[in-house]
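Please keep the sequence and the 3D view open while reading.

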Amino acid sequence: MTSPATAPATGTGAGEPPPHPAWLPPEAFRAIGARRVLVHGDGPLVDTVHDEVARACARHGGRVQRTVAGPVDLVLALRDSGPLPEAVPPAATAAPGPDGGSPGDEGFLLTRSDGVTVVLADAPAGLLYGLFHLVRLGEAAFTGEQPTRVHRPVLRRRMLDHWDNVAVHPVMGQVERGYAGGSIFWRDGRPRGDRDRLRAYGRLLASMGINAISVNNVNVGPTEALLLTDRLDDVAEIADLLRPYGVRVHLSVTFAAPVVLGGLSTADPLDDGVRDWWESTTRRVYARIPDFGGYVVKADSEGQPGPFSYGRDHADGANLLAGALAPHGGVVHWRAFVYDHRRDWRDRTTDRARAAYDHFAPLDGRFAENVVLQVKFGPVDFQPREPVSPVIAAMPATRLAVELQVTQEYTGQQWHACYLAPWWHEVLAFRLWGPAERSVADVLADVLADVLADVPGPGPHRGGELVAVANVGDDPFWCGHPLAQANLYAFGRLAWDPRLDPVALLDEWIDLTFPASTVGDPALVRETLHAVLDDSWRTYERYTAPLGVGFMVNPAGHYGPGVDGYEYSRWGTYHFADRDGVGVDRTCATGTGFAGQYPPPWSQVYESLEQCPDELLLFFHHVPYSHVLHSGSTVIQHIYDTHFAGVEEVVAMRDRWSRLAGMIDPAVHDRVTERLAEQLRCATEWRDQVNTYFFRKSGVPDARGRRIH
Ligand code: GCW
C-alpha cells in the first residue's frame with residue numbers, strides 16, 4: 001500500500017483539523033495536474049477552475065496558464081471570452097455531433113483531437129462542471145481522439161436542504177435529523193465561522209453538480225426567522241463563500257414572518273399590508289444578496305404557521321411569496337408535506353397517506369410560474385419502502401420538486417451502511433401511468449421537453465427538480481459514516497441526470513474516493529465496497545419493518561425498533577397488527593381510498609390483493625398472516641425469513657469489511673468497523689423484536705424452527 005488519501009492541503013479557519021477530502025482527494029486530480037493546461041476566460045467561477053488546476057499542477061508536476069505560451073494538453077475555455085486560443089484544434093470548435101445542441105448556461109462541450117483535450121462552455125458554471133467531469137474521467141480524458149459531446153444537466157435546479165438550526169433546539173439539537181455532528185453553518189446561535197469548511201463544502205457541491213442549498217431548517221424558530229431581516233448578513237456571508245462554486249443560497253422562512261418580524265397583526269396572504277411587507281423585505285434581501293435563490297416554506301405542517309389560519313389555501317400562500325420573489329428571479333419552494341399531525345388513532349376514516357394529494361391536487365394550475373411544489377417522494381415520510389407519491393402524477397400544470405432524504409432519519413442514521421441510490425433510482429424510474437409511459441424522472445426533466453416530445457404519457461408538464469435533505473455536519477468525515485458520503489455523491493449526480501445507474505455511480509465514487517494508487521489492493525477495495533453497499537438498502541429493509549408497512553421505529557429518535565411505538569399516537573402512522581393479520585387497508589373498496597389517488601393502471605394494481613407487489617402489500621392491504629405472497633411464502637414466514645436473512649447479511653458485510661484492514665486509510669477503516677458493529681447490534685435488536693412481536697401476536701411458529709423469543 002502507498003500513502004492513503006487523507007486530508008486536503010487547506011486547514012480550517014476555526015483551528016480544527018481539516019475534514020476528510022471525501023471524493024476529492026488530491027490524488028483524484030493527478031491526470032489533470034500532470035498536464036500543460038490553458039484556462040481561458042474571466043470571472044469568479046473561471047478563477048475557481050484556474051485555482052483547482054493550479055493546485056493540481058503544483059502537486060503533480062503540470063503547469064497552468066491563462067494565455068497561450070507554448071504547447072498545451074488541455075484547454076478549458078469560455079467561448080464568449082473573445083477569440084478562442086489557437087491551442088484549440090479547429091475540430092473542437094466544429095458543430096457538435098448528433099447528441100448536440102448548445103451547452104446552455106451550465107453545460108459544456110468535451111472533445112479531444114490532435115493530442116489536445118478541450119472543454120468549451122458558454123457560461124462559467126459549465127466550465128466548472130466540465131472540470132469536475134474531467135476529474136471523474138481521469139486518464140481516460142487524455143487518450144485517443146474523442147468526438148465532440150455536449151454534456152448538460154437534465155434538471156435545472158439541483159438542491160440540498162439543510163435542516164440546520166441557528167440556535168440549538170431543545171429536542172432536535174443543532175441539526176434536526178442530523179447524524180454527523182453539529183452544523184457546518186451555525187453553532188449555539190451564531191455563525192460557526194469555519195470559512196474553509198464552507199469552501200470545501202462548496203467544492204464538493206460543485207463537483208457533483210449541486211447548484212442550490214437552503215441554509216436553515218424548514219421548522220423555523222425565533223432565532224432562525226431573523227435570518228430574513230436582522231441577520232441577513234450571516235446568510236450573505238455563506239452566499240459569498242459558495243458563489244465561486246456556482247451555488248445559490250436559499251432561506252427557509254416562516255409564513256408568520258410579517259407578524260413575528262414585521263409587527264403586523266396578520267400574515268393573511270390576501271392582505272395588502274402583508275404583501276407590501278414581503279415585497280419590501282424581499283427587496284432588501286436582493287439588495288444584499290443579488291443572486292439569492294429564494295424561499296423554502298413548510299406551512300400548515302407539524303405546527304408551522306400557514307395560510308389555513310386565515311381561511312386561505314396553499315396557492316394563495318405560495319403565490320404571495322412568489323410575487324415578492326418574481327421581480328428578482330427568485331423561486332419559492334413550497335412543501336406539500338401537509339397533514340394532520342394531531343389525529344385520533346381510533347379514527348379509521350382518515351389516512352395520512354392521502355393528505356398531500358387531497359390538499360394539493362385540486363390546486364393544480366393555480367400556482368405562479370416561480371412556485372416549485374416540493375413533494376416528498378412517498379406519501380408518508382421517507383420510509384425505506386413506500387409507493388411513489390401520487391401527487392407527482394396529479395399536477396401537470398405545476399412545477400414540482402421531488403424531495404429525497406439523504407440524511408438517514410429512517411434508514412439507520414448514518415450508523416448503518418445503507419446505500420440509498422438504488423432506492424432513489426427505483427423512485428425516479430417509476431412509470432407513473434404504466435410501464436410504457438413517462439417516469440418520475442421524465443416528468444421532472446423539462447429541459448429535455450424536446451427529447452421527450454415523442455415519449456407517450458399525459459403532458460406537457462411544467463418540469464421540475466430534485467431536492468434532498470442533506471446528511472453533512474461538522475464531523476471529520478462530513479457524514480458520520482464515511483460510506484454515507486456515497487449517498488451524498490449519488491444524490492448530486494442523480495440530480496444532474498436522474499437516469500444514471502446507481503451501481504455505476506458507486507464505481508465513480510469509489511474511483512474518486514479510493515484512487516487505485518492510494519490503496520493496497522484496488523480490486524479488493526472495489527469488490528468489498530460493492531459487496532457492502534450494493535444491496536445494503538434492501539438488507540436494511542429486510543431487518544426492519546416488513547412489506548412496506550413502515551414506521552416501526554422507536555419514536556424517541558426514529559432509531560432502532562419500536563413496533564408499536566406509533567400505534568396509539570397522533571401521527572397517523574399505524575400497522576394495525578392483531579392476532580389474525582397486519583397491514584393498512586388503503587383500497588377504495590373497503591379502506592381509506594388512497595389507492596384511488598393513482599392513475600390507472602396503478603390504482604387497479606394497488607387496489608388488487610392479487611396484483612399488489614409484495615414489497616408494498618402491507619402499505620395497501622390488511623391481510624391474514626397466512627396470506628401467500630407472490631414469492632410463495634406466507635406473510636408470517638416472510639417476516640421471519642427476511643429478518644433472519646437481514647442480520648446474516650450484516651454479519652457478511654462486517655466480515656467483508658474486516659478484510660480491508662491495512663488496505664485503506666486506517667481512520668476510515670476504523671470508523672466503518674465501529675459503525676458496522678453497531679449496525680449488527682441494532683439489526684439483531686430489530687430482528688428479535690419484530691420476530692418476537694409477530695410470533696406472540698400470531699402464535700405461528702417459524703417453519704424452520706429458529707429461535708424466536
Ligand atoms: O420526517 C419528518 C421529520 C421531521 C421533519 C419533517 C419534515 C423538519 O421527522 O423532523 O421536520 O419530516 O419533513 O418537515
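Predicted model: local features only at pLDDT ≥ 70, side-chain atom pairs only at ≥ 80, totals over all residues.

Residues are numbered from 1 along each chain as its sequence is written, and side-chain values use heavy atoms, with hydrogens and water left out.

**Ligand site**

Which residues come nearest to the ligand? They are E176, K298, R335, K376 and E409, out of 15 residues around it. A residue counts as near if one of its heavy atoms lies within 4 Å of the molecule. By class, this shell holds eight charged, four nonpolar and three polar residues. Here Asp, Glu, Lys and Arg are charged; Ala, Val, Leu, Ile, Met, Phe, Trp, Tyr, Cys and Pro are nonpolar; the others, Gly among them, are polar.

| Side chain | Distance to a ligand oxygen atom |
|---|---|
| E176 | 2.5 Å |
| K376 | 2.7 Å |
| R177 | 2.9 Å |

On its own, the ligand has 340 Å² of accessible area, and the protein covers 97% of that. Accessible areas come from the Shrake-Rupley method with a 1.4 Å probe; for residues, only the protein chains shown count as cover.

The ligand sits in the second largest pocket. A pocket is an open set of points on a 1 Å grid over the protein atoms alone, where a 1.4 Å probe fits, with protein on both sides within 12 Å along at least five of seven lines. A molecule sits in a pocket if more than half of its atoms lie within 2 Å of its grid points.

S252 belongs to strand 13, residues 248-252. Helices (H or I, at least four residues) and strands (E, at least two) are DSSP runs, numbered from the N terminus. Is S252 buried or exposed? S252 is buried because its relative accessibility is 2%. The cut-offs are under 20% relative accessible area for buried and over 50% for exposed, with partly exposed in between (1.4 Å probe, protein chains only). The S252 side chain reaches the backbone oxygen of N216 at 2.8 Å.

D194 lies in the loop between strand 11 (190-191) and helix 5 (195-208). D194 also counts as buried, at 2% relative accessibility. Its side chain makes a polar contact with the side chain of R192 at 3.0 Å. A polar contact is a pair of N or O atoms within 3.5 Å; within protein, one must be able to donate a hydrogen and the other to accept it, and residues adjacent in sequence count only if both atoms are side-chain atoms.

**Backbone details**

Most residues other than glycine have a negative phi, and most peptide bonds are trans. D300 has a positive phi near 50 degrees. D300 is in the loop between strand 14 (294-297) and helix 10 (314-325), and is buried at 15% relative accessibility. F576 has a positive phi of about 60 degrees. F576 lies in the loop between helix 19 (536-543) and strand 19, and counts as buried at 16%.

Which residues does a cis peptide bond join? P600 and P601, with omega about 5 degrees. P601 is in the loop between strand 19 (581-582) and helix 20 (602-607).

Methods. 1 Å grid on protein atoms, 1.4 Å probe; cavity = no way out; pocket = protein on both sides within 12 Å on 5 of 7 lines; lining within 4 Å.
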